[in-house]
Each structure stands twice: as structure tokens, then as C-alpha cells.
Amino acid sequence: MRIPDLHAVRSGLPPEPGVERFVLVHGFGASSFTWRHWLPTLERRGHVVSVDLLGFGGSPKPSDGPYDPVSQAALVTEAVRELGNGRVTVIGHSLGGSVALLTALALRELGQPPHRLVLLAGAAYRQRMPPFVHCARYPRAMDFGLRALGARLIVRQVVRSIVFDGSSVTDDLVEGYAAPLEQPDALPALLACAARIEPPGLDAITARYPSLTLPTLLLWGRHDRVVPPSVGIRLARTLPNARLHVLERCGHLPHEELPEASLTLLEDFLEASRFHV
């Protein structure tokens, strides 16, 4: 089965020679909407490609699609290669962090390593699955819940459970995350992704992390209950050129909860690693 191209929104500067490229990869249950606070800053710096992973946002949602992170990374890798020559920074959140790591490994093997890597609460090792992923493994219950409660109420409760301050969850945020989940094929794709969320051969994959010598920024919330800060600490010890910042009063969504503080750290990192070879 041939999978159609991923849906991606391109913005910012034209992808001309010398212009930096930024590829953004969202987390489980999200879409490119999640990057709205970061986009203006990145668009001023270069050409931005906001990817919707297979099964999410505007991307195809085949019933038997390859939804595991390795297959998702293969699709993102192709999207990166289509950008042509140029310095590429791959940015991923949560599940998208896992995909970003795998994409960086794949590009390295192809002799086209990315220039930089940014991981926000990135899933990287074997861990206990959060409740919303665990629940998604029960199709009948999820289908009943969505029909009975509606996507907006479920999204509001899930997001409130993973941020530091649940009262900060706005109607606009809920609408942005919920709308793609109301598409006809969204729920089966979400369930399929949940069932395959741990990459096959994970131990062999993690053994390759030390080969990623590119500059890497790790951003974590001190109160992240989905992918705990201990994962960031472990990655910082494993990746040879990584720096970790743990944000106080922040949960699983640093770019949503603390957009200004996280952007400041991002810009400092981009400037410091600008001329890395």
C-alpha cells in the first residue's frame, strides 16, 4: 500500500540557498496547530515546514497505515530530503520527539544529518504509558466516549491533566486540538497509533543515540507527568552535544504553557549553534 505524502504547511522565508529550514513534528493526538506560538519567530529566521504525522491533522488516515514511530520517521525523513540542500533543524514534541530522534538517525545514515535537533518532552525510552494513550487502546470505550462526551470535552480534560496549570487551558486551544479529531477517519487512526506508539526494536534504537553528535536542545517541564524530566536528564547524558533546560511551573507542553520562556531558550540555542559544522 502506497501512503500518500504527509500534509505539511510551509511558511516563512523562501527555501533559497543559505536559508535555514525548520521541520516541526507534533505529538500524539495533536497537529501542526500546536506550533502556533513558535511559528512567527521561526518564520523570520527561515523556511518552516509544519508536518502533520500520518493519521493526524490534514494527513492521510489509512485504516491499515504504518503508524509506528519508525515508519512515521521514514515519512518525515522523505519530507526533509525533499527540502534539498540546506541546514535543517528538526523539532519534535512528545511522540514527535521520538520521530525527530529517529529522523535524525535515518538522515545520519543517509549522509545528510540535520544541522540541529530540538526535543520538547521527547519520548525516547521505554516508559509507562500515560492514561490517555492507555485508554486509546480500547476502541469501543474510546468510540463511546467521543460520541457521548464529544471531542472538545475529552480534549479539555486531557490537556488539563498534562499541563501544570489546568485553569490556563483556553477555548481556542481546545478547539484547535479537537477539530482534527472530528474528521471521519480520525479515531481509527488515533487508536492505531496508540497501539503502535512504542517503536519496534527500541533497545537497539536507543543504543544508537550516542552517534547523534549534532547540537541538541532538550526542553522539559519540571512537572511533566507524561514524559518525566528523568527522560531529559538521561538524554542529556547520552547525546554528546545536548543541553537540557527544565522549565519551572510547566507540564508536558512547554511551547503552549510557557511560549515566551521556551522561545527565548530556543532562540539562544539557535544563535549559539548557528555556525556549528
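This dialogue explains how to read several features of a predicted protein model.

Trainee: What should I know about the model before reading it?

Mentor: The model is predicted, so local features need pLDDT of at least 70 and side-chain atom pairs count only at pLDDT 80 or more, while totals for chains, interfaces and linings use all residues. Residues are numbered from 1 along each chain as its sequence is written, and side-chain values use heavy atoms, with hydrogens and water left out.

Trainee: How many helices and strands does the protein have?

Mentor: Helices (H or I, at least four residues) and strands (E, at least two) are DSSP runs, numbered from the N terminus. The protein has 12 helices and 7 strands. Its radius of gyration is 17 Å, close to the 19 Å that the globule rule gives for 277 residues, so the protein is as compact as a globular protein of that length. The radius is taken over C-alpha atoms, and the rule is 2.2 Å times the number of residues to the power 0.38.

Trainee: What percentage of the residues is buried?

Mentor: A residue is buried under 20% relative accessible area, exposed over 50%, and partly exposed in between (1.4 Å probe, protein chains only). Here, buried residues make up 53% of the 277 residues.

Trainee: Are Ala121 and Arg249 buried or exposed?

Mentor: Ala121 is buried, with a relative accessible area of 0%, whereas Arg249 is exposed, at 59%.

Trainee: What does the side chain of Thr216 reach?

Mentor: A polar contact is a pair of N or O atoms within 3.5 Å; within protein, one must be able to donate a hydrogen and the other to accept it, and residues adjacent in sequence count only if both atoms are side-chain atoms. The side chain of Thr216 reaches the backbone oxygen of Leu214 at 3.1 Å. Thr216 lies in strand E6 (residues 216-221) and counts as buried at 1% relative accessibility.

Trainee: Which residues does Thr216 touch?

Mentor: Contact means heavy atoms within 4.5 Å. Not counting residues up to four places away in sequence, Thr216 touches Leu117, Leu239, Asn241, Ala242, Arg243 and Phe269.

Trainee: How many salt bridges are there?

Mentor: Side chains of opposite charge can pair when their charged atoms come close. A salt bridge is a side-chain nitrogen of Lys or Arg within 4 Å of a carboxyl oxygen of Asp or Glu. By this rule the count is 12. One of them joins Arg81 and Glu78 (3.8 Å, N to O). Both residues lie in helix H2 (residues 69-81), 3 residues apart, about one turn of the helix.

Trainee: Where do the partners lie in the salt bridge between Glu109 and Arg208?

Mentor: The closest N and O atoms of Glu109 and Arg208 are 2.5 Å apart. This pair links distant parts of the chain, 99 residues apart: Glu109 is in helix H3 (residues 95-109), and Arg208 is in the loop between helix H9 (202-206) and E6. Glu109 is exposed at 56%, and Arg208 is partly exposed at 31%.

Trainee: Which residues are linked in a network of salt bridges?

Mentor: Arg45, Glu271 and Arg274 are linked in such a network. Within this group, the closest N and O atoms of Glu271 and Arg274 are 3.9 Å apart.
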